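Okay, everyone, thanks for coming. Let me put the structure up and we'll walk through a few spots.

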Amino acid sequence: MDLQILLLLGQDGITNGAIYALLALALVLVFTVTRVIFIPQGEFVAYGALTLASLQAGKVPGTVWLLLALGCTVAVLDGIRLVREGRFAKLPPLLIFNIGLPLLAAAGLFAMPPTQLPLAAQVVISMLLVVPLGPMIYRVAYQPLAGASVLVLLIVSVAIHVAMIGLGLLFFGAEGSRTPPFTELSFELAGAPLQGQTILVVVASASLIIGLYFFFERTIYGKALRATAMNRTGARLMGIPPVLAGKLCLTLAAAIGAFSGILIAPITTIYYDSGFLIGLKGFVGAIIGGLASYPVAALGAVLVGLLESYSSFYASAFKEVIVFTLIIPVLLWRSLTSKHIEEEEE
């Protein structure tokens, strides 16, 4: 291996590691706040990328219909509760947000071909179509079982993952998609080509991580999530609604996933089921951080990206095995050094 190949592999590893780091942070956030091991995290990556690809192909993405179906379900569930409680003034905003806005989005996409929109508008629309799925999924699937054990919540996550993969096949088809690069710039580093898209991925990922840091440190909602992650019962006693915390963290997780998918769509072909493997590698990084430490999870995810890249050079047939084998010594070390803590009673 010469210096040029070393740099090329390192470039790929850091690029992939930056995406895995974002997913690892989202997984740690969801688990610490809700005790949910959020397996469908990778599906938001695929949905974000494929929704953008559908818009650029001039198609109305199936994400619109999923958003409308979930919105109607949420409107029915919350509408029944509001009627029983006599809070009729809350019904119009509920119907507008969950049914009116998805219908308006669908009508707008049919009225104006998506190909006529600039790239920035297509990215924004893709985010607006995918991100609301996070809190809606929490309301429909997780909120009724918020007090259940981690195992039950894990089973629910597996069910949602399988459902989203099936819907992804229905909405986007079995063919993979790749979007045009956001920039055509290219550079050279020690004789090795350095694409502008790669730099964009790393810079955007780093910016998002920094933005998340300031969100948790400077905003009232970020501090509420931190308090809920530290002590759910104490946070509830201080007036932080568990439902709000759950919806907010799944909104952030969906935004991180969709944003990651849009970033990598120009550099890799995304299929309807590609998100599962990408999410699993982010999960390895989260496990390295013990599903508790954000910095360690991010560093572990970058390590996963580098290990995957260099493994593809030396043993390409076994690169996935090598990456996932990394989790074994980490789990052994944590089982030997950590004290058993009983699950917190709700």
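This is a predicted model: local features need pLDDT of at least 70, side-chain atom pairs count only at pLDDT 80 or more; totals for chains, interfaces and linings use all residues.

You'll find Gln 41 in helix H2, residues 41–56. Its side chain reaches the backbone oxygen of Ala 253 at 2.9 Å. Beyond its neighbours within four places in sequence, Gln 41 touches Leu 23, Ala 26, Leu 27, Ala 253 and Gly 257.

Next up, charges. There are six salt bridges by the count here. In helix H3, residues 63–85, Asp 78 and Arg 81 sit three residues apart, about one turn, and their side chains form a salt bridge at 3.7 Å, N to O. Asp 78 counts as buried at 6% relative accessibility, while Arg 81 is partly exposed at 35%. Arg 81 also pairs with Glu 85, with the closest N and O atoms 3.8 Å apart. Glu 85 then bridges to Arg 87 at 2.8 Å.

Now over to H13, residues 294–314. That helix has 21 residues and spans 30 Å from first C-alpha to last, close to the 30 Å expected. Its buried residues include Ala 297, Gly 300, Val 304 and Glu 308, and the buried set packs against helices H1, H12 and H14.

Last stop, the surface. Ile 96, Phe 97, Leu 101 and Leu 104 make a nonpolar patch of about 430 Å², and Phe 97 belongs to helix H4, residues 91–111.

Methods: Residues are numbered from 1 along each chain as its sequence is written. Side-chain values use heavy atoms; hydrogens and water are left out. Patches are made of residues with over 30% relative accessible area and no salt bridge: like charges are joined within 9 Å, nonpolar side chains (Val, Leu, Ile, Met, Phe, Trp, Tyr) within 5 Å. Accessible areas come from the Shrake-Rupley method with a 1.4 Å probe; for residues, only the protein chains shown count as cover. A salt bridge is a side-chain nitrogen of Lys or Arg within 4 Å of a carboxyl oxygen of Asp or Glu. Helices (H or I, at least four residues) and strands (E, at least two) are DSSP runs, numbered from the N terminus. The expected span of a helix is 1.5 Å times one less than its number of residues. Buried means under 20% relative accessible area, exposed over 50%, partly exposed in between (1.4 Å probe, protein chains only). Contact means heavy atoms within 4.5 Å. A polar contact is a pair of N or O atoms within 3.5 Å; within protein, one must be able to donate a hydrogen and the other to accept it, and residues adjacent in sequence count only if both atoms are side-chain atoms.
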